[in-house]
Amino acid sequence: GTGADVKDELLAYLEQLGNRGWDLGLERMRLLLGLLGHPEEALSWVHVAGTNGKGSTSALIAAALQGAGLRVGFYTSPHLERYEERMVLLEGRERRPGLWGWPGAQEIAAEEFRALLGEIKPAAEEVERRLGRGAPTEFEVLTAAAFLFFARSGAQIGVAEVGLGGRLDATNVLRPQVSVITHVALDHQDRLGSTIAEIAREKAGIIKEGRPVVVAPQSREVAGILAEVARERRAPVEWVVPAGAAEVPGQAGGGPEGRRGLEAGGRSWFTPLAVDAAGGRFLFTGRLGRELELRVRLLGEHQIANAATAAAAAGLLAEQGWPLDVEALRWGLGAVHWPGRLELIEGEPPVLLDGAHNPDGVSTLVAALGRLFPRRRAVAVVGILKDKDVKEMVRLLAPVVGAAVCTRPPSPRAAEPEQLAGAFAACGCPARAAEEPREALELARKLAGAQGLVCVCGSLYLVGAVRPLLVGGKK
């Protein structure tokens with residue numbers, strides 16, 4: 001067959017695995033990596049789990065390592081436009097803009113990606129034969145491809161974001177230098193458990209025996225569970241805490257247990273100073289220094305907590321002997337462009353892309369709209385998957401947008417545009433349905449007018465479909 005045939009055959013193979021869905025568990029993954037010669041052992045790792053913020057936090061940590069002059073593998077999911085975006089090599093600090101406008105960021109080349117799939121496929125078939133049940137999943141095959149790519153590219157350290165949950169996620173075969181847990185909230189209840197406590201336990205699955213873990217600001221309940229698991233695994237905790245927080249996690253109880261908790265843990269403090277359409281500024285005190293004034297280029301107040309979490313992780317890595325300093329961290333926080341997460345695309349009207357796809361993400365988006373664009377009337381382009389808490393997402397969004405245009409994200413799980421529009425109308429927000437994302441975007445631009453703002457949200461699949469209409473080519 002020609003190259004094109006091979007390409008289509010391999011992508012069809014991935015798609016067919018994707019249609020089988022998730023099957024959480026580590027046995028297949030361990031066997032698959034063993035057959036491939038354990039490429040993940042060729043480099044050190046930082047492992048990141050959480051409900052919201054794990055992509056941005058991973059990106060910020062990876063960029064700080066890049067700023068330190070290291071060659072870094074960055075594995076993230078889902079992708080917006082192409083599988084290749086999940087496997088990014090970061091190197092150098094030259095001004096040449098890479099992927100998404102991030103200097104020195106290069107995704108795996110399409111040919112190399114296909115070659116790796118061709119190599120992994122027979123190993124995956126062997127796993128199925130040996131275990132006598134389901135084949136490795138799409139995510140497992142992609143994860144193995146990323147590990148091989150980074151090992152062969154000579155990456156010194158990788159930052160891997162969990163696909164789903166933590167405990168049974170394919171990435172959880174790693175023994176990281178540092179684990180990181182970003183904000184934990186309700187999502188994927190169908191697969192991870194119905195309560196915040198059950199979900200926190202799944203995420204805590206990435207805490208490894210004796211390896212430090214950085215914990216972003218959490219509710220009291222979540223902090224308690226993470227502290228308990230960390231204690232069982234003798235993993236020191238670095239708590240990231242907003243300055244002036246009423247309670248500091250890990251200080252529970254005055255007995256010997258409480259004191260031991262304190263010895264086992266450190267604190268990194270942050271104070272937000274300003275948030276505007278150019279990013280955020282904050283003060284940070286942690287292992288890298290006291291009262292450092294830092295700025296992060298990503299938009300929204302929540303990115304300050306993510307950047308503080310990344311700074312805390314950088315401090316732990318520096319203590320382990322990685323060449324990270326404040327200067328590398330500053331460079332990293334200013335370099336990251338993260339597509340589809342409060343990403344502003346200039347124009348008349350400007351378009352804000354945000355992959356908020358659960359109530360927690362939508363409330364963050366709503367806060368950002370009020371802070372960053374108080375004087376612009378927003379028109380939302382919304383598409384949501386029907387396994388999400390659609391009602392609650394609409395309830396949060398409806399009061400802050402002038403109108404909604406509801407459309408269908410490219411996914412078999414998409415909620416019906418007409419029903420979505422009905423849900424907005426029921427909350428007193430004028431709404432229309434448009435089957436195609438392109439048509440929805442055009443309609444929203446007209447409704448917003450040059451002085452307004454179009455906000456595309458509800459699903460990363462929707463953002464992935466709209467983004468290429470706004471930025472040509474590979475941006």
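Me: In this predicted model, which strands form the open sheet, in what order, and what is the pairing?

Reply: Six strands make up the open sheet of the predicted model, and reading across it the order is β12-β13-β17-β14-β15-β16, with mixed pairing. The edges are β12 (343–345) and β16 (431–433), each of which pairs on one side only. Ignoring direction, neighbouring strands of this sheet are turned by 20 degrees against each other on average.

Me: How many bridges join β14 to β15, and do these strands run parallel or antiparallel?

Reply: Strand β14 (residues 378–382) and strand β15 (residues 403–406) run parallel and are joined by four bridges.

Me: Turning to the helices, what are the angle and the distance between the axes where α3 and α11 pack?

Reply: Helix α3 (residues 54–67) packs with helix α11 (residues 326–335) at an angle of about 130 degrees, and their axes are 7 Å apart. Angles over 145 degrees would count as roughly antiparallel and those from 65 to 115 as roughly perpendicular, so α3 and α11 are oblique to each other. The crossing of these two helices is right-handed.

Me: Which residues of α3 and α11 meet, and what are they by class?

Reply: From α3 come Leu60, Ala63, Ala64, Gln66 and Gly67, which meet Ala328, Leu329, Trp331, Gly332 and Leu333 of α11. By class, this contact of α3 with α11 has seven nonpolar residues and three polar ones, while charged residues are absent from it.

Definitions and conventions: Residues numbered from 1 in each chain as written. Predicted model: local features only at pLDDT ≥ 70, side-chain atom pairs only at ≥ 80, totals over all residues. Heavy atoms only, no water. Axes fitted to C-alpha atoms, helices over the stretch in contact; angles between N-to-C directions. Parallel < 35°, antiparallel > 145°, perpendicular 65-115°, else oblique. Left-handed = near helix turned anticlockwise from the far one by under 90°. Contact = heavy atoms within 4.5 Å. Nonpolar A, V, L, I, M, F, W, Y, C, P; charged D, E, K, R; others polar. Pairing = 2+ DSSP bridges.
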